[in-house]
Amino acid sequence: MNENSRPKILVANDDGIFSPGIRALGLALAEVGDVTVVAPDVEQSAVGHGITIRRPLRFKHTASAGFGDVPAYRVDGTPADCVVLGVHLVGKPDIVVAGINLGPNLGNDLTHSGTVAAAIEGLAFGIPAIAFSQASVPSGEFDFTEAARYAAKLVREVLARGLPPRTLLNVNFPAGAAKGVRVTTLSDHRYEDEIITRQDPDGRDYYWVAGTPTAEYSGDTDFGAVQDGFVSITPVKLDLTHRELLREVESFAPPL
């Protein structure tokens with residue numbers, strides 16, 4: 001990045017281009033750099049890191065999304081598709097920022113979160129990335145004012161300092177005003193699956209996959225921090241190799 005130029009920021013999400021979370025984030029980051037928003041045309045929550053390869057994609061400017069002078073485009077695909085098209089059609093940014101997600105992304109949520117997948121796709125291009133999510137108050141309402149303000153501050157820091165290769169920051173905001181900030185580890189937050197069986201008008205079974213969130217409390221994890229009313233920042237490294245097990249597997253892997 002040229003020292004005299006404004007940084008280029010690509011903003012994506014999984015809740016869709018009309019989500020209030022991405023609008024608050026995009027407008028806040030416009031004070032930090034030149035923002036381009038590329039987001040799904042409809043909600044794509046929990047699609048994980050899916051990429052569309054068996055049909056064409058549409059990339060349309062969307063002035064009605066409420067971003068003012070910030071260019072915003074919608075894609076009829078996944079969050080990862082949005083980053084791919086954003087990078088290739090608009091230009092490689094200095095940072096990819098995803099969110100602000102409607103609801104937290106904690107622990108095992110990272111494996112299916114479309115918001116986090118957008119950040120991961122940024123890593124695939126060698127671009128620093130941050131994913132932002134926020135818990136809702138009991139009524140289900142969201143106020144992104146403080147989250148967007150803090151997101152802009154953190155993005156400034158990452159743009160100035162960088163991040164190690166294949167590393168993103170997963171940030172979760174609590175419901176309501178935050179008490180402070182904690183740097184955390186991932187929790188064991190997960191969903192206990194429940195299959196609900198119902199019948200259609202023709203008497204045929206169909207199924208809803210539901211789930212109840214569960215996690216063990218620990219104050220140094222993302223779940224614990226958000227439960228305690230703190231902003232959680234978790235550095236996440238995308239390296240799935242279990243390096244400590246390499247020699248053991250070598251010892252028992254049978255030869256051809």
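Colleague: A polar contact is a pair of N or O atoms within 3.5 Å. With that in mind, what does a side-chain oxygen of Ser 19 reach at the start of α1?

Modeller: This is a predicted model. In it, a side-chain oxygen of Ser 19 comes to within 3.1 Å of the backbone nitrogen of Gly 21.

Colleague: Where is Ser 19 placed?

Modeller: Ser 19 sits in the loop between β1 and α1.

Colleague: Is Ser 19 buried or exposed?

Modeller: Its relative accessible area is 4%. The cut-off for buried is under 20%, so Ser 19 is buried.

Colleague: Leaving aside neighbours within four places in sequence, what is Ser 19 in contact with?

Modeller: Ser 19 is in contact with Asn 13 and Leu 102.

Colleague: On to the helix. Which residues of α1 are buried?

Modeller: Helix α1 covers residues 20–29, and Gly 21, Ile 22, Leu 25, Gly 26, Ala 28 and Leu 29 are buried. Seen down the axis of α1, the buried residues fall within an arc of 165 degrees, so they line one face of the helix.

Colleague: Why would residues three or four places apart point the same way in an α-helix?

Modeller: Because an α-helix has 3.6 residues a turn.

Colleague: What do the buried residues of α1 pack against?

Modeller: They pack against the strands β1 (8–12), β2 (34–40), β5 (95–102) and β6 (129–134), and against helix α4 (145–161).

Colleague: Now α3. How many of its residues are buried?

Modeller: In α3 (residues 114–124), 10 of the 11 residues are buried, so the helix is largely enclosed by the rest of the structure. Among the buried ones are Val 116, Ile 120, Glu 121 and Leu 123.

Colleague: And what do the buried residues of α3 pack against?

Modeller: Against β1, α2 (79–90), β5, β6 and β7.

Colleague: What happens at the start of α3, and what follows α3?

Modeller: At the start, a side-chain oxygen of Ser 113 reaches to within 3.2 Å of the backbone nitrogen of Thr 115. After α3 comes Gly 126, with a positive phi near 75 degrees.

Colleague: You mentioned Leu 123. What does Thr 167 touch, not counting residues up to four places away in sequence?

Modeller: Thr 167 touches Leu 123, Val 236 and Lys 237. Thr 167 lies in strand β7 (residues 167–173) and counts as buried at 10% relative accessibility.

Colleague: Backbone geometry next. Which residues does a cis peptide bond join?

Modeller: Gly 99 and Ile 100, with omega at about -10 degrees. Ile 100 is in strand β5.

Colleague: What is phi for Arg 166, and where is Arg 166 placed?

Modeller: Phi of Arg 166 is positive, about 60 degrees, although Arg 166 is not a glycine. Arg 166 belongs to the loop between α4 and β7 and, at 46% relative accessibility, counts as partly exposed.

Colleague: What about phi of Ala 46?

Modeller: Phi of Ala 46 is near 65 degrees, a positive value in a residue other than glycine. Ala 46 is in the loop between β2 and β3 (59–61), and is exposed, with a relative accessible area of 51%.

Colleague: Last topic: how much space lies in the largest pocket?

Modeller: About 300 Å³. The pocket is lined by 13 residues, and the closest to its centre are Ala 46, Pro 104, Asn 105, His 112 and Tyr 191.

Colleague: How do the residues of the lining divide?

Modeller: Four are nonpolar, six polar and three charged.

Conventions: Residues numbered from 1 in each chain as written. Predicted model: local features only at pLDDT ≥ 70, side-chain atom pairs only at ≥ 80, totals over all residues. Heavy atoms only, no water. Buried < 20%, exposed > 50% of the residue type's maximum accessible area, 1.4 Å probe, protein only. Helix = DSSP H or I, 4+ residues; strand = E, 2+ residues; numbered from the N terminus. Arc of directions from axis to C-beta. Contact = heavy atoms within 4.5 Å. Polar contact = N/O pair within 3.5 Å; in protein donor to acceptor, adjacent residues only side chain to side chain. 1 Å grid on protein atoms, 1.4 Å probe; cavity = no way out; pocket = protein on both sides within 12 Å on 5 of 7 lines; lining within 4 Å. Points joined across faces, edges and corners; volume = space filled by probe spheres on them. Nonpolar A, V, L, I, M, F, W, Y, C, P; charged D, E, K, R; others polar.
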